[in-house]
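I opened the notebook to look up how this chain is put together. My entries follow the order in which I checked things.

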Amino acid sequence: MSNYRIISSDSHVFELPDLWESRIEAKFRDRAPRIHREEDGDWWYCDGKKLEGAGFGFAGAQTGRRFEEAEKLTHGDSFENIRPGGYIPEEQIKDMDLDGVDVSILYPTAGLQLYKIPDGLLLTAVFRTYNNWVAEFCAAYPNRLKGIAMINIDDVNEGTADLENCANQGFVGAMIPVYPPKARRYDSPEYDRFWSAAEDLEMPLSLHVATNRFGSGENDGSEPEGARVGIAPNQDFFPRTSISDMILSGVFERFPKLQVGSVEHELCWAPFFLSRLDYTYDQQGFGREGYRFKEDMKPSDYFHRNVFLGFQEDDLGIRLRDIIGVDSLQWGSDYPHMESTFPRSQEILEEILVDCTEEEKAKIAGGNAARVYRI
């Protein structure tokens, strides 16, 4: 892959242990995210509640272990074992050089679980604190580290203002919940101001795995303590449903330049999803009786124009790339998390893309991410 620019469209930082306690507004300090040490390692807590899914083994203390000692993988671990590149910019650059990655687009780690916190005011304060820190992190190497902002859209007007501020800080995109509250799905017109701002600012919006908003009714932190294991192999349900709501309610017809991405849900679900989208629109009554798109557009046409998909190792999805659309595909390493391709990213990319043309390889390895994020 040395002939191509490699951009990881999904890498991560690891939040400093005292990030929120030292930086958040004073009135939220006692409720802010902090680390608690337990028998099986360190865990993040926020507002007195343990963040399920935020074990330190998963989050970056066992980077690369799956290649050598998969039988020793555990979710529990401690901050002392987190790979330093997760929280020190210079160390992340060293690891990118080792892995052959030119640019990393950075998402949070503990922050992914914070969308499950019920209190919207606390969540906004937590996100603003995180965003300010990540802006500083990326500023150390602005040509190689690109931040994705965390945005709370419980209040659409406030979320829009935060999006504008983050664009001014140099962020290349923003995260919103992969699955919003039940009464506020993404087919609601209340979000139009936010979609419009994202389009005008050229800020792609990411639906990242594990970011279900509290109140969504599925994997949102409202269940009894302990994650339901069966959710893990079915995470693509959430972006599929949110993207369906956006397409079928005309969001991309109203905002034709808006870009929305499914991140870390892999690819091979997309071909069947596309066929069902068009079937629902063309062959079922509630599609025929509803609003019809202009210029004979089909739902799949909006998907190909407005939606991108981040993946790590989905070789089956790559074999189905002609159906999904090559221009939609963005590779990411997921560094430094447990399932990351680091330090074998180039080797894995070569294996996955072996049957692709040279043009396709260049797009998937980095070209598509460079276009969408204007890198």
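This is a predicted model: local features need pLDDT of at least 70, side-chain atom pairs count only at pLDDT 80 or more; totals for chains, interfaces and linings use all residues.

**Entry 1: α11 against α13.** I looked up which residues of the two helices touch. From α11, the list is A270, F273, L274, L277, D278 and Y281. They meet P299, S300, F303 and H304 in α13. I sorted this contact by class and got seven nonpolar, two polar and one charged residues.

Then I took the geometry. Helix α11 covers residues 270–283, and helix α13 covers residues 299–306. Their axes lie 8 Å apart, at an angle of about 140°. That angle makes α11 oblique to α13. I checked the cut-off, because roughly antiparallel needs an angle over 145 degrees.

**Entry 2: α7 against α8.** I repeated the check on another helix pair. Helix α7 (residues 156–168) packs on helix α8 (residues 192–201) at about 10°, with 9 Å between the axes. The two are therefore roughly parallel to each other.

On the α7 side I listed V156, N157, G159, T160, L163, E164 and A167. Their partners in α8 are R193, F194, A197, A198 and L201. By class, I have seven nonpolar, three polar and two charged residues in the contact of α7 with α8.

**Entry 3: strand β10.** Is β10 buried or exposed? Five of the five residues in this strand (residues 307–311) are buried, so β10 is largely enclosed by the rest of the structure. I looked at each face in turn. V307, L309 and F311 are buried on one side.

Next I looked up the partners of β10. Strand β9 (residues 260–263) is joined to β10 by three bridges, and the two run parallel. Here V260 stands opposite V307 in β10. Strand β11 (residues 329–331) is also joined to β10 by three bridges, again running parallel. In this pair F311 is opposite W331 in β11.

**Entry 4: the β2-β3-β4 sheet.** I traced an open sheet of three strands, ordered β2-β3-β4, with antiparallel pairing. Which strands stand at the edges? They are β2 (34–38) and β4 (49–55). Each has a single partner strand, so one side of each is left without a neighbour in the sheet. From one strand to the next, the twist averages 45°.

I then looked at the pairing of β3 with β4. Three bridges join strand β3 (residues 41–46) to β4, and the two are antiparallel. Y45 is placed opposite K50 in β4.

**Entry 5: the whole chain.** Last, I stepped back to the totals. I count 17 helices and 11 strands in the protein chain. Its C-alpha atoms fill a box of roughly 55 × 50 × 40 Å along the principal axes.

I compared the radius of gyration with the globule rule. A compact globule of 375 residues would come out near 21 Å; the protein chain has 20 Å, which agrees.

Burial came next: 59% of the 375 residues are buried.

Methods: Residues are numbered from 1 along each chain as its sequence is written. Side-chain values use heavy atoms; hydrogens and water are left out. Axes are lines fitted to C-alpha atoms, for helices over the stretch in contact, and angles run from 0 to 180 degrees between N-to-C directions. Helices (H or I, at least four residues) and strands (E, at least two) are DSSP runs, numbered from the N terminus. Angles under 35 degrees count as roughly parallel, over 145 as roughly antiparallel, 65 to 115 as roughly perpendicular and the rest as oblique. Contact means heavy atoms within 4.5 Å. Ala, Val, Leu, Ile, Met, Phe, Trp, Tyr, Cys and Pro count as nonpolar, Asp, Glu, Lys and Arg as charged, and the others, Gly among them, as polar. Buried means under 20% relative accessible area, exposed over 50%, partly exposed in between (1.4 Å probe, protein chains only). Two strands pair if DSSP finds at least two bridges between them. The radius of gyration is taken over C-alpha atoms; the globule rule is 2.2 Å times the number of residues to the power 0.38.
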